[in-house]
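Trainee: Could you walk me through this one, please?
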Amino acid sequence: MKKLFRPYLTAFLLGALLISTASCDDDDPKPVEDSENITSMTISLEPVSTTKGIDPAEATYTTGTTPTLQLAPNATYDATITFNDNIEAEINTEAEDHELFYKASEDLMIVQKTDFDDNGLPIGLKARITTGNSGETGELTVTLKHQEGLKPDVSDETIGSTDFVGKFNVSIQ
Amino acid sequence: MRPSFLLPLFSLLLKPEEVLRTTLSNKNTLYVALSLLILPLPDIQAQSLSGPAETEAVQDCGLTLSGKVLDHDSREALVGATVYLPELDRAAITDAYGNYHFHQLCQGTYTLRVTYVGYEAEQFSVKVTGSATRDLQLHTNARELRTVEVTGQHLRAHAQSQQELTGQELEQTRGLALGEALKGIAGVTTLQTGPTISKPVIHGMHSNRVLLLNNGVRQEGQQWGTEHAPEIDPFVASEMKVIKGAAGVRYGADAIGGVVLVEPKALPKAPGISGDLHLLGSTNNRQLATSATVEGNFEKTPPLSWRLQGTLRKAGNAKTPDYYLENTGLREQNFSAAVGYSKETYGSELYYSRFSTDLGILRESHIGSPEDLAYAIARGRPSNADNATFTYTINRPYQHVQHDLLKAKGYWQLGEAGKLEFVYGWQRNLREEYDVRRTSSPLPSMQLTLNTHTTEAVFAHKPLGNLSGSVGVNTIYQKNTYQYSDFLPYFTGLTAGVFSMEKWEKGRLHLEGGLRYDYKHLQVKKFEQAEDGSESNRTLIKPTYDFNNVSGILAAMYDVGYHLTFGLSATSAWRAPGANELFSKGVHHSSATYEEGNPGLTSEQAYNFEASVDYFGNQRLNGSLSLYHNYIRNFIYAAPQPEPAELPQGTFPANKYTQADATFTGADLSLRYNFTPALQLDSKTSLLYARNLDTDDHLIYMPPNRFDNSLRYEVGQRGSFSDTFLSVGGVYVAEQKRVPEKGEQDYAPAPDGYFLLQASAGTTLHFGSQPVEVSISGNNLLNTTYRQYLNRLRFYADEPGRMLMLRLRVPLQFSKS
């Protein structure tokens with residue numbers, strides 16, 4: 001009984017080994033190129049009226065950083081949001097599916113979106129920002145939401161999935 | 001752990017004098033059973049040859065059926081009784097010890113007619129799937145005649161709890177996913193991701209800790225994923241069996257929680273062509289399904305038989321009582337083919353199957369930040385609930401999974417020595433996950449390809465005295481590759497194991513012992529993030545791991561008589577950490593959580609104790625109770641981290657794989673009470689208490705207590721209707737109050753308990769000689785709005801509402817000879 005079993009076992013183990021060595025070819029993984037990711041958000045602020053001698057401002061957010069925007073008090077700026085790899089162009093072509101949301105205290109600034117999609121709903125890649133009084137400081141959070149087929153008639157930040165969140169420290173002087 | 005506490009329950013339904021006798025003998029049993037644990041078992045581990053008889057033989061014709069013919073009351077052996085097997089026209093006369101034997105039997109269901117002077121002639125139905133021992137008890141003539149139906153399902157073959165789903169019970173689950181079908185067994189629940197994805201949970205454990213055996217081959221897909229459903233077509237199965245508790249010795253390391261065996265029926269042995277056609281339709285998600293089987297046996301070459309089988313299934317958006325769940329449809333196309341050649345002394349079988357599915361995932365559940373999740377929970381319903389409509393269309397996010405299995409099996413009857421069986425399996429699992437993307441693209445977000453080769457050789461030796469068993473070897477070779485996402489690394493794994501299991505039976509005592517050794521080698525290839533975080537500076541690392549360990553089982557079963565059996569088992573099993581637990585890295589989009597592996601993990605070691613009692617074959621009350629305690633050392637789980645993960649695309653709560661000691665303690669109770677032969681009450685209770693010993697807290701995501709009761713009325717033959725039944729019942733699932741109390745671990749509190757009303761009715765219509773089985777079943781008949789704790793999408797939406805399913809089954813006979 002055991003004699004019958006032994007040659008079989010040997011053959012079987014050898015076979016198993018063969019399978020495993022034969023399959024051990026050296027194909028290594030290649031790095032995954034993820035072109036999907038948004039990794040940075042830049043906000044550029046141009047003063048509406050250049051006569052007051054207000055400087056433009058710009059800051060870029062990437063995860064882990066805390067960029068600061070220095071703004072003039074009671075001034076009006078035209079804000080433009082851009083992303084890495086020119087992704088803002090993509091967002092513009094699919095504007096019906098996207099919206100950006102600005103969150104900051106009213107004392108710090110008041111934000112009004114100035115660009116609209118084909119349905120007349122705001123996008124938010126462009127906005128007009130009116131700053132508060134001198135000495136105010138706080139945070140401005142800009143959230144890009146993907147609202148494919150969900151974008152409501154009244155802007156709603158709670159709908160859809162977040163593509164990117166940019167955070168900026170704002171100080172008004 | 002004392003089974004005797006059940007006695008008062010039983011006593012209610014027994015005659016007083018029987019109660020007295022039962023009580024007396026129980027004390028003895030308890031004593032014997034307990035002493036078994038203390039005393040060293042003679043010779044069990046010294047034996048090198050062994051083997052469980054539950055081999056997955058499809059065409060098995062070297063089986064032995066033996067046992068004793070006994071007086072039901074005195075338990076005396078009856079000498080010279082006649083045991084007749086009408087199917088084979090063979091008879092045996094019991095020897096001086098009351099023993100009878102039938103050798104060289106094939107698998108199948110047999111009738112044993114037993115006659116003996118002074119006793120009522122009795123007939124027993126025995127299902128033979130492996131060599132088996134069956135004692136037959138006769139009642140004296142003087143007794144009042146009672147019909148005692150003893151079927152194979154009620155008698156236990158193993159000390160460890162096992163439960164099957166077969167026949168009409170299985171037919172009533174047709175059209176459900178595998179995990180859902182198994183919910184009919186106490187102690188088994190599911191872990192879901194919306195209405196389309198569900199996987200079985202046994203005693204609180206799932207995924208890598210529950211082994212699935214598909215047609216005798218260990219299913220290897222990406223089973224580690226909580227949202228990865230088993231890639232098995234339940235229509236293939238004629239029996240589904242669940243072994244609850246660690247079963248590592250026979251089935252290999254990893255089987256810490258339990259084993260699910262999906263068994264097709266044996267290939268036909270009688271010449272002719274026959275088949276089977278299923279048609280299903282449901283309300284709610286408007287599921288349509290059909291499954292057809294054709295099988296045959298060649299008249300000119302009787303050992304040769306074949307089978308072809310295919311299934312098509314399609315469902316659209318499911319509907320809660322208030323709204324449709326967007327993008328929750330599914331599509332499934334499966335087929336399988338088998339050919340077998342079977343002689344008495346040798347045989348072989350070739351089997352190929354393909355399972356292919358597209359599973360829609362609730363649109364709402366794709367989120368991009370923890371804030372999105374908070375918004376969804378606060379909203380309480382999907383944002384598009386009011387506009388959601390029914391459609392069969394599946395959009396992103398969805399999964400496409402294809403699983404191919406090729407199995408080759410051979411067996412040889414080595415003279416009197418025993419039987420040798422060899423199984424080779426090749427599996428290819430392709431998983432493509434299509435997440436919602438910002439830009440349109442036909443490519444998946446993640447693609448994983450897993451190739452697995454398994455081999456197994458088992459030698460079942462001939463019974464040596466009271467000892468029967470088997471010895472075996474198996475190997476697993478695996479290779480995983482990815483594209484588009486490196487969430488899971490490349491890896492190759494090689495596992496080899498040897499095992500031996502022996503069973504010793506004498507009189508009322510049944511002892512089992514088994515030992516197994518496994519070695520696992522794992523090589524991982526992955527890119528390590530550069531220190532500066534840049535994408536270009538990543539280096540390829542190739543860490544290797546070696547794991548090895550021993551699994552064991554020691555179990556005893558004692559037949560008290562009076563249809564009462566006690567079982568005790570102590571098992572140990574281990575599980576090496578999976579490649580995902582060691583090296584996964586990435587964001588889960590349904591929970592907006594970053595998950596990170598831990599390369600320093602060690603193996604899990606489980607010690608499982610179970611005490612069970614079976615009360616079977618009675619006119620009124622039958623049932624089984626199992627009490628279990630599972631201690632797991634180095635239990636691997638994803639623990640929330642205090643610091644969130646800062647990734648280029650955002651900041652996410654982080655989970656990292658961690659180890660702790662854990663215990664799982666619980667009870668499964670199944671009871672059946674026959675009010676009349678036609679009216680019966682079925683009751684199933686599953687209780688579980690799971691603790692993390694390191695944090696001294698409850699374990700997260702454990703199934704809540706569950707109670708399933710139903711009343712069933714069966715009508716016999718009425719004109720051209722037969723097997724008519726009507727059943728009404730309900731499931732009550734309690735709120736899970738045992739959730740972690742230390743630290744914020746869950747995003748929302750566990751949902752409330754709920755009750756679901758269920759009903760079903762069915763009959764078999766006979767059009768001449770053509771039977772047609774028709775049934776209708778309804779789930780959540782009260783259209784209750786509820787959520788399940790173990791549904792990963794419970795943060796977003798309710799569970800589906802009322803659903804009616806109509807089933808039609810037509811057995812076909814194409815030719816007769």
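Mentor: We can go from the domains to one residue and then to a sheet.
Mentor: This is a predicted model, where local features need pLDDT of at least 70, side-chain atom pairs count only at pLDDT 80 or more, and totals for chains, interfaces and linings use all residues. Residues are numbered from 1 along each chain as its sequence is written, chains are lettered from A and ligands numbered from 1 in the order in which they are written, and side-chain values use heavy atoms, leaving out hydrogens and water.
Trainee: Which domains is chain B divided into?
Mentor: Chain B has domain 1 (20-145), domain 2 (162-242 + 246-251) and domain 3 (256-816), with bounds from an automatic or database domain assignment. The centres of domain 1 of chain B and domain 3 of chain B, taken over C-alpha atoms, are 33 Å apart.
Trainee: And B:Ser683, buried or exposed?
Mentor: B:Ser683 is buried, at 16% relative accessible area (buried means under 20%, exposed over 50%, partly exposed in between, with a 1.4 Å probe and protein chains only). B:Ser683 lies in strand E37 (residues 679-692) of chain B, a strand being a DSSP run of at least two residues, numbered from the N terminus.
Trainee: Which residues is B:Ser683 in contact with, leaving aside neighbours within four places in sequence?
Mentor: Among them are B:Leu669, B:Leu671 and B:Asp708, where contact means heavy atoms within 4.5 Å.
Trainee: Switching to chain A, what is the order of the five strands in the open sheet?
Mentor: The order is E2-E1-E4-E7-E6 in chain A, with antiparallel pairing; two strands pair if DSSP finds at least two bridges between them. Strand E2 (57-62) and strand E6 (109-113) of chain A are the edge strands, each pairing on one side only.

Note on methods. Helices (H or I, at least four residues) and strands (E, at least two) are DSSP runs, numbered from the N terminus.
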